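Colleague: I would like to learn how to read a few features from coordinates. Could we go through them one at a time?

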Amino acid sequence: MSSQLSLHEISKSYDHRPVLDRVSCAFPPGQVSGLIGENGSGKSTLLRILAGIDAPDNDGKVEVAESIGFLGQDNPLPLHLTVSAVLDLALAELRAIEARMLELEGLLANGNDSGLTEYGELQTAFQVREGYDAEARFQRALAGLGLRSLPGDRVLATLSGGEQARLHLAAVLVAAPEVLLLDEPTNHLDLAAAVWLEDYLLSRAGTTVVVSHDRAFLERVAATLFEVDGDTHQVTRYGNGYSGYLKEKAAERARITQARQVWEDEVAIMRTTVQTTADRVAYGRPMTDNNKMAYDRATGRVNEAERSKIRNAKERLRRLEENPPPVPSKPLRFTAALRTAGSTGVLLDAAAVSVRGRLRATSVKVSRGDRLLIAGPNGIGKSTLLEVLTGGLTPDSGSVDRRGQIGYLAQEVVEERPDRTLRQELMLYAGAGRLGLFKRDQLQTRVGDLSTGQRRRLALVRLLTTRYDVLVLDEPTNHLSLVLVEELETALDQYDGALVVVSHDRRFASRWRGGVLELEEKSFAEH
């Protein structure tokens, strides 16, 4: 069986907005490949095209295997189904193969060998896809994904959103397709379930493509990464796993920096050549004898040579200035104001704050230089606590004392001036252009039309160009390219002010140097 999976000259747009522009790439057979990029860059679109759910706009070619399993973010299972019905649906193709094999076995037993070739092919497919072990494999998947006690007659409508997502993942896995396409499969998984999934993907024989922002997951399972660039609408392949990707991106940045320096040096030389040569032509040479005719002829020859040199230098300068290489972005850096007074240096002091239905009484005290990571399961009240700390939400009980300048990055960025262009918005923040977070051709885009990742970058611009005593960040690594996430982590590590962060990013948490506040179920407020 072929596990071939490739795209050739594929283009896709939505509402005249290009997402993929004549993209070509081939995914390594028998391996796990990571599909990365900012939110809105086109990763899910590419995955849906591979799955045959969406069609390209042009006549590009999509080459895929016959058997495909697809887990999307927006294709939920029908809520009227039971858990057992989900299993039946997942195994329908394998059971159809098994039924056909039994039919052919009957023909062969009666001496009709016309179906011998078909039987051999079906038997191979059934064995490769572990058809004989399918139902037991489903139970192992349920256990690995934290659904061991889920009864078969349980209706999906009675499950939580996270349980439905994990059940859907188990159903896709149990079908054991030749090609597996997964869109953010770790979104609803705890640490144990994520590790189980990693082990499963590493042990399977087929080809797998995974869209993920989970760096720890990618680092362990993905031998090759394909980055979808939301600005150029192209796809670039990086080998040697996540560490290799970071090395190649660092080398790419070094090349950009070197090319820019060479360009700036040559521009400076050409400008100097134009100016100094023009000065020599303007002043000419002094006459050293009384032979005026000879002097005029010699001066004319010199001036013509100098004018030719000026013309060449001007033309070279014009070409250089018409095609400047990109300005390399400077490393991200947060700067602290540190203007607060007082011997204790307490900047945030929340005493027994609670929000009905969202957060039980919780106390937090943050002083100058403190670093606090707020952890806990989804829906426990972490974002609610950050809103209370920053003044965006008034608690039902308790109090908050705030001192100094507080910078806040919410999970969902809402733009107050959506009709302004990106250029107009960036002009409000000194030094924004030197950060390299946006390309020149994006500057006329309306802020309201920016993608999720671009809005996140704009929010970062505001934090990076303003001095704060405290940074309060809700899932700061969400929606950003992986290289930008690495830079962001370094910048936060060097930040001198106080830091309060909510993050589910395993790699971020593993590198955390500071205190941890774990919110548990008892943190919920009563209705």
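Colleague: What covers the buried residues of helix 13?

Modeller: Keep in mind that this is a predicted model. The cover of the buried residues in helix 13 includes strand 14 (406–409), helix 12 (422–426), strand 15 (470–474) and helix 14 (482–493).

Colleague: Why is helix 13 described as largely enclosed by the rest of the structure?

Modeller: The test is relative accessible area, with buried meaning under 20%. Eleven of the 13 residues of helix 13 are buried, so the rest of the structure largely encloses it. Among those buried residues are Gly453, Gln454, Arg456, Arg457 and Leu458. As for its geometry, helix 13 runs over residues 452–464 and reaches 18 Å from first C-alpha to last, close to the expected 18 Å.

Colleague: Which ring does Arg457 lie over?

Modeller: For a charge over a ring, one checks the distance to the ring centre and the angle to the ring normal. Arg457 lies over the face of Phe438, with 5.3 Å to the ring centre. Arg371 is placed over the face of Trp512, also with 5.3 Å to the ring centre. Arg457 is itself one of the buried residues of helix 13.

Colleague: Next, aromatic pairs. How many does a search of the whole structure find?

Modeller: The search finds five. One of them joins Phe27 and Phe226: the ring centres are 4.5 Å apart and the planes stand at 50°, so this pair is tilted. It links distant parts of the chain, 199 residues apart. Phe27 is in the loop between strand 2 (17–26) and strand 3 (32–36), while Phe226 belongs to strand 8 (residues 224–228). Phe27 and Phe226 are both buried.

Colleague: What kind of pair do Tyr238 and Tyr245 form?

Modeller: Planes over 60 degrees apart count as edge-to-face. Tyr238 and Tyr245 have 90° between their planes and 5.0 Å from centre to centre, and form an edge-to-face pair. Both tyrosines, Tyr238 and Tyr245, are buried. Ring pairs also bring in Tyr242, giving a cluster of Tyr238, Tyr242 and Tyr245.

Colleague: Last, backbone angles. Which residue has a positive phi of about 50° although it is not a glycine?

Modeller: That residue is Glu184, in the loop between strand 6 (179–183) and helix 7 (191–203). Asn240 has a positive phi too, near 65°, and is likewise a residue other than glycine. Asn240 lies in the loop between strand 9 (235–238) and helix 9 (241–283).

Colleague: Is Glu184 buried or exposed, and is Asn240 buried or exposed?

Modeller: Glu184 has 10% relative accessibility and therefore counts as buried. Asn240 has a relative accessible area of 64%, so it is exposed.

Methods: Residues numbered from 1 in each chain as written. Predicted model: local features only at pLDDT ≥ 70, side-chain atom pairs only at ≥ 80, totals over all residues. Heavy atoms only, no water. Helix = DSSP H or I, 4+ residues; strand = E, 2+ residues; numbered from the N terminus. Expected span 1.5 Å × (residues − 1). Buried < 20%, exposed > 50% of the residue type's maximum accessible area, 1.4 Å probe, protein only. Contact = heavy atoms within 4.5 Å. Phe/Tyr/Trp six-rings, centres within 6.5 Å; stacked < 30°, edge-to-face > 60°. Lys NZ or Arg CZ within 6 Å of the ring centre and 35° of its normal.
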